[in-house]
Amino acid sequence: MLGTGPKETQNYDNNNQKVYPQPMDENVNQNKDSMEDLVSKIFNNISSLKAAYVQLQDAHTPYDPEKIQAADKLVIEELMRLSELKHSYRDKNPKSISASPQDSRLVVEIQEQQSLLRTYEVMVNKFQSQIQTRDSEITQLQQQIQESNQRKLKLEKKLKQRGLLSKESEGFEEENFFSIELTPNLFTSTVDIAYKSIHDFSKPLINMMKAARWDLDAAANAIEPTVVYARRAHKKYAFESHICQKMFIGFQEESFSVKAGNVSVSKEGSFHQFLAVRAMDPLDVLSQNPDSIFGKFCRSKYLSVVHPKMEVSFFGNMDQRNYVMSGGHPRTPFYQAFLKLAKSIWLLHRLAFSFDPKVKVFQVRKGSEYSEVYMESVVKDIIPGEGAQRPTVGFMVMPGFMIGSSVIQSQVYLSGVKSAG
């Protein structure tokens with residue numbers, strides 16, 4: 001009799017093979033969720049990478065170094081995040097059906113190298129953009145040089161026609177005629193040259209006065225009375241002041257008080273006149289055209305600076321003065337010394353009217369309180385007098401100038417001070 005207890009059930013597949021039931025793996029759902037999360041992160045990372053790359057491209061046009069650096073940093077950060085996701089996936093799935101571990105690591109390295117190549121590609125594009133910009137600038141500069149050479153040839157032709165460019169100076173002008181730029185520094189150096197020329201001309205003038213037995217003390221007091229000099233030798237500044245005052249009369253006028261009809265010229269024309277005469281000997285300029293504007297300027301200023309009585313005492317007659325008044329320019333040493341002075345002041349005037357706006361000249365009144373901003377003492381190492389009162393101006397030796405907001409100080413002799421020298 002068979003027992004009635006529970007029977008063991010057995011399962012068979014369609015081929016009548018016994019099948020052993022396996023428990024359901026609970027990690028399948030977790031792996032599926034983890035994979036979906038990984039794929040979502042990858043898509044987000046790629047979107048961010050695209051956005052960062054677009055920013056990097058936009059930063060190149062127009063070229064902005066700061067924006068390029070920031071966008072480049074974002075691209076690298078997104079590439080690093082993508083690499084971290086790949087490493088994370090490989091770490092969680094060490095066994096791969098399709099590839100061996102060595103192959104997986106090789107794939108990761110290849111992908112990282114590809115990312116680096118993309119970064120280098122961005123840098124190459126940046127350098128190419130810089131090269132294109134530099135090439136464009138070089139092309140523009142070459143075009144400007146060509147245009148300048150054409151203008152130079154035209155101007156030299158005009159100067160030759162007007163007799164302002166001598167054959168001796170052509171070689172010199174060929175090298176540096178147009179190498180000089182109109183700058184405040186150029187004007188400052190021209191002011192220094194003008195002041196030196198006043199000082200240089202005052203030396204032979206004073207020496208000739210001594211030889212003619214002039215009373216230099218009385219002459220200095222006649223020019224600047226009531227001035228207390230710290231040293232007797234400082235009276236030479238009175239003669240420099242007298243020369244300067246005569247030479248700068250009419251400086252603020254475009255004609256420089258020269259009666260020559262319509263002498264109006266453009267600012268560019270004034271600068272060209274400055275360049276044409278700057279490297280030439282003044283006597284050579286006058287020999288080519290004695291009645292030019294420069295020639296009339298020299299003639300009028302000589303007759304103003306050198307008094308008839310002074311000239312008679314120097315030469316015993318007025319032959320030189322009469323020769324100048326008749327339109328000539330004598331080749332005597334004294335007149336040639338004066339021409340150097342006249343040339344420096346005339347060049348300063350031409351240069352002042354080359355700026356836009358033009359350079360302004362200012363004077364300092366006698367008795368004004370000394371200002372270190374607008375004035376400079378011709379005597380160095382001065383010692384203020386007793387008391388707290390600031391020094392005052394005894395007289396102005398040379399005026400000052402304003403180039404925009406820049407100040408070139410006026411040269412003054414101070415009263416009520418002592419000299420350490």
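1. Phe-271 and Phe-274 stand three residues apart in helix 8 (residues 267-278), so about one helical turn separates them. Helices (H or I, at least four residues) and strands (E, at least two) are DSSP runs, numbered from the N terminus. Phe-271 and Phe-274 are both buried, where buried means under 20% relative accessible area, exposed means over 50%, and partly exposed lies in between (1.4 Å probe, protein chains only).

2. Basis of the description. This is a predicted model, in which local features need pLDDT of at least 70 and side-chain atom pairs count only at pLDDT 80 or more, while totals for chains, interfaces and linings use all residues. Residues are numbered from 1 along each chain as its sequence is written, and side-chain values use heavy atoms, with hydrogens and water left out.

3. Confidence. The average pLDDT of the protein is 80, and 76% of the residues score at least 70; pLDDT is the predictor's confidence in each residue, from 0 to 100. Two stretches deserve attention.

4. Aromatic pairs. A pair of aromatic rings is described by the distance of the centres and the angle of the planes. Rings of Phe, Tyr and Trp (its six-membered ring) pair if their centres lie within 6.5 Å; planes under 30 degrees apart count as stacked, over 60 as edge-to-face and the rest as tilted. The whole structure contains 23 aromatic pairs. One of them joins Phe-201 and Phe-334: the ring centres are 5.5 Å apart and the planes stand at 45 degrees, so this pair is tilted. Because Phe-201 belongs to helix 5 (residues 184-211) and Phe-334 to helix 13 (residues 333-352), the pair ties together parts that are 133 residues apart in sequence. Both Phe-201 and Phe-334 are buried. The rings of Phe-271 and Phe-274, with centres 6.0 Å apart and planes at 10 degrees, form a stacked pair.

5. Aromatic cluster and a charge over a ring. Ring pairs link Phe-187, Phe-248, Phe-251, Phe-256, Phe-297, Phe-355 and Phe-401 into a cluster. Elsewhere in the model, the charged end of Arg-350 sits over the ring of Trp-346, 5.9 Å from the ring centre. A charge sits over a ring if NZ of Lys or CZ of Arg is within 6 Å of the ring centre and within 35 degrees of the ring normal.

6. Three strands form an open sheet in the order 1-5-6, with antiparallel pairing; two strands pair if DSSP finds at least two bridges between them. Strand 1 (360-362) and strand 6 (406-408) are the edge strands, each pairing on one side only. On average, neighbouring strands of this sheet are turned by 25 degrees against each other, direction ignored. Three antiparallel bridges pair strand 5 (residues 400-403) with strand 6, and Met-402 stands opposite Val-407 in strand 6. Helix 5 packs on the sheet, touching strand 5 and strand 6, and its direction makes about 170 degrees with that of strand 5. Axes are lines fitted to C-alpha atoms, for helices over the stretch in contact, and angles run from 0 to 180 degrees between N-to-C directions.

7. Strand 7 and its partners. In strand 7 (residues 410-415), six of six residues are buried. Both faces are covered, with Ser-410, Val-412 and Leu-414 on one side and Gln-411, Tyr-413 and Ser-415 on the other. Strand 2 (residues 375-377) pairs with strand 7 in the parallel sense over three bridges, whereas strand 4 (residues 392-398) pairs with strand 7 in the antiparallel sense over five bridges. Gln-411 in strand 7 stands opposite Glu-376 and also opposite Met-398. Strand 4 is mostly covered, six of its seven residues being buried.

8. Backbone points to inspect. Most residues other than glycine have a negative phi, and most peptide bonds are trans. Asp-356 and Pro-357 are joined by a cis peptide bond, with omega about 0 degrees; Pro-357 lies in the loop between helix 13 and strand 1. Thr-226 has a positive phi, near 65 degrees, and lies in the loop between helix 6 (216-223) and helix 7 (236-247). Its relative accessibility is 72%, so Thr-226 counts as exposed. Phe-256 also has a positive phi, of about 55 degrees, in the loop between helix 7 and helix 8. With 3% relative accessibility, Phe-256 counts as buried.

Notes:
Contact means heavy atoms within 4.5 Å.
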